[in-house]
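Colleague: I would like to learn how to read a few features of a protein model. Could we take them one at a time?

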Amino acid sequence: MDLEAIRQGKIKDLRNAELSGADLSGAHLAQADLQGANLMGANLSGADLRGAQLRANLRGADLTGAILSGADCRNADLRGAILVDANLRDASFAGAFLAGSVCSQLDLSGIDLRGADLRGTLLNRAILQGAELTSANLSGADLSSADLEEAILNGAIFCGSNLTGSNLLCATMEQTQWLGARLEGACVEGTPLGERRMSEG
C-alpha cells in the first residue's frame, strides 16, 4: 500500500485495506471509502476525513485534530481512540464502539450516538446539546461539566457516570438509568430528575 499516495488523496478506494499502525497524519481522505479497513493504532491526526465512509476498525487510532464532518462512522470500532480537537459535526456514530475513547471538550452538538458504546469515555466539558443518545451506554463515563441541554437520553445508561456540574436542562430522559451516577451541581431543570428533586425538597 502506497502510504504517500494515500496521504495525497490519490487513492480513495480503501475498502478492507490493511493500514494498522500506518502514519496517515494530515492525509487528504475526504470522501474516501474505508469500509472494513483495519486502521487499528493508525496516526490520523490532522487528517481530512470529511464525508468518508469510516465503518472501520479504528481502535486506538489517533484522530487528534482530524476533520470527520459528515463522516459515516456507524458501528465503527473506536475503542480507546483519541479524538481531541476533532471536528465531528454532522458525523454519525450510531452503534459505534467508543468505550475508553478521549472526547474531552469536543463540540458534539446534535450528533447521532444512538446505541453507541461510550463506557468509560472521557466526555468532560463536551458540548452535546441536542445530541441523540437513545439507548447509548455511558456507564462509568466522565461527563463532568458537559453540556447536554435538550439532548435525547431515552433508554440511555449512565450507571456510575460522573455528571457533576453538567447541564441537563430540558433533556429528554424516559427510562434512563442513573444507578450510582454522580449528579452534584448538575442543572436538571425541565427534566424528570428536576421534578424528583423538587418533590424531595
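Modeller: We begin with aromatic pairs. Rings of Phe, Tyr and Trp (its six-membered ring) pair if their centres lie within 6.5 Å; planes under 30 degrees apart count as stacked, over 60 as edge-to-face and the rest as tilted. A search of the whole structure gives one aromatic pair.

Colleague: Which residues form the aromatic pair, and how far are they centre to centre?

Modeller: Phe158 and Trp178 form it, with 4.7 Å centre to centre and 10° between the planes, and the pair is stacked. It links distant parts of the chain, 20 residues apart, with both Phe158 and Trp178 in the loop between helix H1 (3–7) and helix H2 (192–200). Helices (H or I, at least four residues) and strands (E, at least two) are DSSP runs, numbered from the N terminus.

Colleague: What should I know about the model itself before going on?

Modeller: This is a predicted model, in which local features need pLDDT of at least 70 and side-chain atom pairs count only at pLDDT 80 or more, while totals for chains, interfaces and linings use all residues. Residues are numbered from 1 along each chain as its sequence is written, and side-chain values use heavy atoms, with hydrogens and water left out.

Colleague: Is Phe158 buried or exposed?

Modeller: Buried means under 20% relative accessible area, exposed over 50%, and partly exposed in between (1.4 Å probe, protein chains only). Phe158 is buried because its relative accessible area is 0%. Trp178 has 14% relative accessibility, so it counts as buried.

Colleague: How do I read a cavity?

Modeller: On a 1 Å grid over the protein atoms alone, a cavity is a set of points where a 1.4 Å probe fits but cannot get out; lining residues have an atom within 4 Å of a point. Grid points are joined across faces, edges and corners, and a volume is the space filled by probe spheres set on the points. This structure has one cavity of 30 Å³ or more, and the volume of the largest cavity is about 70 Å³.

Colleague: Which residues line the largest cavity?

Modeller: Among them are Leu83, Phe93, Cys103, Leu108, Ile111 and Leu113. For classes, Ala, Val, Leu, Ile, Met, Phe, Trp, Tyr, Cys and Pro count as nonpolar, Asp, Glu, Lys and Arg as charged, and the others, Gly among them, as polar. The lining has eleven nonpolar residues, no polar and no charged ones.

Colleague: What is Leu128 in contact with?

Modeller: Contact means heavy atoms within 4.5 Å. Leaving aside neighbours within four places in sequence, Leu128 is in contact with residues including Leu108, Ile111 and Leu113. Leu128 lies in the loop between H1 and H2 and is buried, at a relative accessible area of 2%.

Colleague: Where does Arg89 lie?

Modeller: Arg89 is in the loop between H1 and H2. With 41% relative accessibility, Arg89 counts as partly exposed.

Colleague: What is phi of Asp85?

Modeller: Phi of Asp85 is near 65°, a positive value in a residue other than glycine. Asp90, not a glycine either, has a positive phi of about 65°. Asp85 is exposed, with 61% relative accessible area, and Asp90 counts as exposed at 65% relative accessibility.

How values were computed: 1 Å grid on protein atoms, 1.4 Å probe; cavity = no way out; pocket = protein on both sides within 12 Å on 5 of 7 lines; lining within 4 Å.
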